[in-house]
Amino acid sequence: TETAVKVGSPVSGSLPKPGGTINIFSFFDSLKTCNTRITPNCLRALYLFPPGISANPKNSYGVVEYSPQAYLQGDLDLFFQNFSRPQVGQSPILDSIDGGFPQTNVRGFKYNGESDLDLEYAMSLVYPQKVTLYQAGDLVEGASFNNFLDAIDGSYCTFEGGDDPTQDGIYPDPLPGGYRGPENCGGFAATNVISTSYGYNEADLTPFYEMRQCQEYMKLGLQGVTVLYSSGDFGVAGNSGQCIDPVTKMYNNGTSGIFNPSFPSGCPYVTSVGATQIKPGASVTAPEEACETVIFSGGGFSNVFPLPDYQASAVQTFFRDHPPPYGADRFNNSQKTKGIPDVSANGANYVVAVDGKFSLVYGTSASTPVFGAIITLINEARIDLGKGPVGFINPALYSHPYVLNDITSGGNRGCGTPGFTATTGWDPVTGLGTPNFPKMLALFLSLP
């Protein structure tokens, strides 16, 4: 129990993965070094998007963090000093959910790496547009995705019986030092784009719990909100590399067993973001490959959610043209369940200021807020023309896959196998591919 509410734990498998520290004075912010060090300008060059130029008051971008994960203002300023100087001293807009606040008492990569990464890149890529930080949960109990959803839609607090007290945060928190205020049922607005770099294994939670939550993502999509989730960092395995024992159905050490897809990436109403990398030694203009440095792009097929109509042709084409070398003993090969991920973006070698120094960071934790920033820039252009935000983007992307860069090499090993292989068209490693901003912009500006 309580798997859901512990998603922000410093030992959570969905947090980004650290590499070595680097001397910021040892390299210039050059596009020549993007294959070993990703910066905001590298991402702009990769995906052909410009710096932000406006801040329409109708536009908004939200990043969700789960306590005790927290950013440090000194880290934001160190990053901005080197990569986005006008933002030195700026902070995200704080929406405090169930007593959430950016704590500074406990520090270290396992407490600051996620939030620093998310906010440094989200804020710098959409500037001068502001970023909203949804900080969920107190330091005693924490919070779950359900607690966050309650706060942006009060009706969800009671929908189908409400939250699960064995999994979700209970507020007011009766524990010593807990948040004594009332549970946030509504009271906060949903931003146009919501990026979350945390995730569970589908097998962590019950199908009822997951389906109830998935329906809320559908509701948000209908309201014009784009909901992005990271697909995971362990290939076909689950958080921390765990796979499922075929006999006991319990998690094993990850060297064998059944593939372990992530949640909520299998929900058909979120956009699941995998990870790519610049090929070793290649230039920033060369085609990327699936991420195989420190992390492996989470991908596979849901065991809970049926195949949505918008993805049916892509999944069927994948099985027909590139049949995986595994059977039903390894994964759900029915061709009738949702494929993961939908899209991807670079997830390797990010230069991030954490705890007063620069580190290299890896993960779909990085690719997700970057994809969200690109959608936010597209929303900015649409809103400037009097149109609404793009909302649920999956049907449009699957109908127009040419607006993404197809990734055709690399794999997502796990469970003692090479995993799946990136190939032509959609695949359960990198989805439809990485953003091509000019093509995406043209498509979404052409839509009503």
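This is a predicted model: local features need pLDDT of at least 70, side-chain atom pairs count only at pLDDT 80 or more; totals for chains, interfaces and linings use all residues.
1. Disulfides overall. The structure holds four disulfides. A disulfide is a covalent bond between the sulfur atoms of two cysteines. When the bonded cysteines are counted along the chain, the pattern of links is 1-2, 3-4, 5-7, 6-8. Three of these links are described in the points that follow.

2. Cys 34 and Cys 42. These two cysteines are joined by a disulfide, with a distance from S to S of 2.0 Å. The link of Cys 34 and Cys 42 is left-handed, with -90 degrees about the S-S bond. Cys 34 has a relative accessibility of 1% and so counts as buried. Cys 42 is likewise buried, its relative accessible area being 0%.

3. Cys 157 and Cys 185. A disulfide is formed by Cys 157 and Cys 185, whose sulfur atoms are 2.0 Å apart. The torsion about their S-S bond is about -105 degrees, and the disulfide is therefore left-handed. Cys 157 and Cys 185 each lie in the loop between H4 and S5, so the pair ties together parts that are 28 residues apart in sequence. As to accessibility, Cys 157 is buried because its relative accessible area of 13% is under 20%. Cys 185, at 38% relative accessibility, counts as partly exposed, since this class lies between the buried limit of 20% and the exposed limit of 50%.

4. Cys 214 and Cys 267. The sulfur atoms of Cys 214 and Cys 267 lie 2.1 Å apart and form a disulfide. This link is right-handed, with 85 degrees about the S-S bond. The pair links distant parts of the chain, 53 residues apart: Cys 214 is in helix H5 (residues 207-222), while Cys 267 is in the loop between strand S8 (262-263) and strand S9 (271-277). Both Cys 214 and Cys 267 are buried.

5. Cys 291 is in no disulfide, and the nearest cysteine sulfur, which belongs to Cys 42, is 15 Å away. Is Cys 291 buried or exposed? With a relative accessibility of 0%, Cys 291 counts as buried.

6. Aromatic pairs: Tyr 66 and Phe 145. The structure holds 32 aromatic pairs. One of them is formed by Tyr 66 and Phe 145; this pair is tilted, with 5.4 Å centre to centre and 50 degrees between the planes. Tyr 66 is in strand S2 (residues 61-66) and Phe 145 is in helix H4, 79 residues apart, and the pair links these distant parts of the chain. Tyr 66 is buried at a relative accessible area of 0%, and Phe 145 is buried with a relative accessible area of 0%.

7. Aromatic pairs: Phe 83 and Phe 358. The ring centres of Phe 83 and Phe 358 are 6.1 Å apart and their planes stand at 85 degrees, so the pair is edge-to-face. Because Phe 83 lies in helix H2 (residues 73-83) and Phe 358 in strand S15 (residues 357-362), the pair ties together parts that are 275 residues apart in sequence. Phe 83 is buried, with a relative accessible area of 14%. Phe 358 counts as buried at 3% relative accessibility.

8. An aromatic cluster. Ring pairs link Tyr 66 and Phe 145 into a cluster with Tyr 198, Tyr 200, Tyr 217, Tyr 229, Phe 263 and Phe 305.

9. Cavities. How many cavities of 30 Å³ or more are there? The count comes to three. The largest cavity has a volume of about 90 Å³. Its lining consists of 18 residues, and those nearest the centre of the largest cavity are Ser 231, Gly 235, Ala 237, Asn 260 and Ser 262. By class, the lining of the largest cavity divides into six nonpolar residues, eleven polar and one charged.

10. The second largest pocket. This pocket holds about 250 Å³ of space. Its lining comprises 18 residues, with Val 5, Lys 6, Val 140, Glu 141 and Gly 142 lying nearest the centre. The lining of the second largest pocket has seven nonpolar, five polar and six charged residues.

11. Gln 167. This residue lies in the loop between helix H4 (145-152) and strand S5 (193-196). Gln 167 counts as buried because its relative accessibility is 10%. The side chain of Gln 167 reaches the backbone nitrogen of Ala 4, at a distance of 2.9 Å.

Notes
Residues are numbered from 1 along each chain as its sequence is written. Side-chain values use heavy atoms; hydrogens and water are left out. Helices (H or I, at least four residues) and strands (E, at least two) are DSSP runs, numbered from the N terminus. Buried means under 20% relative accessible area, exposed over 50%, partly exposed in between (1.4 Å probe, protein chains only). A polar contact is a pair of N or O atoms within 3.5 Å; within protein, one must be able to donate a hydrogen and the other to accept it, and residues adjacent in sequence count only if both atoms are side-chain atoms. On a 1 Å grid over the protein atoms alone, a cavity is a set of points where a 1.4 Å probe fits but cannot get out, and a pocket is an open set with protein on both sides within 12 Å along at least five of seven lines; lining residues have an atom within 4 Å of a point. Grid points are joined across faces, edges and corners, and a volume is the space filled by probe spheres set on the points. Ala, Val, Leu, Ile, Met, Phe, Trp, Tyr, Cys and Pro count as nonpolar, Asp, Glu, Lys and Arg as charged, and the others, Gly among them, as polar. A disulfide is a pair of cysteine sulfur atoms within 2.5 Å. Rings of Phe, Tyr and Trp (its six-membered ring) pair if their centres lie within 6.5 Å; planes under 30 degrees apart count as stacked, over 60 as edge-to-face and the rest as tilted.
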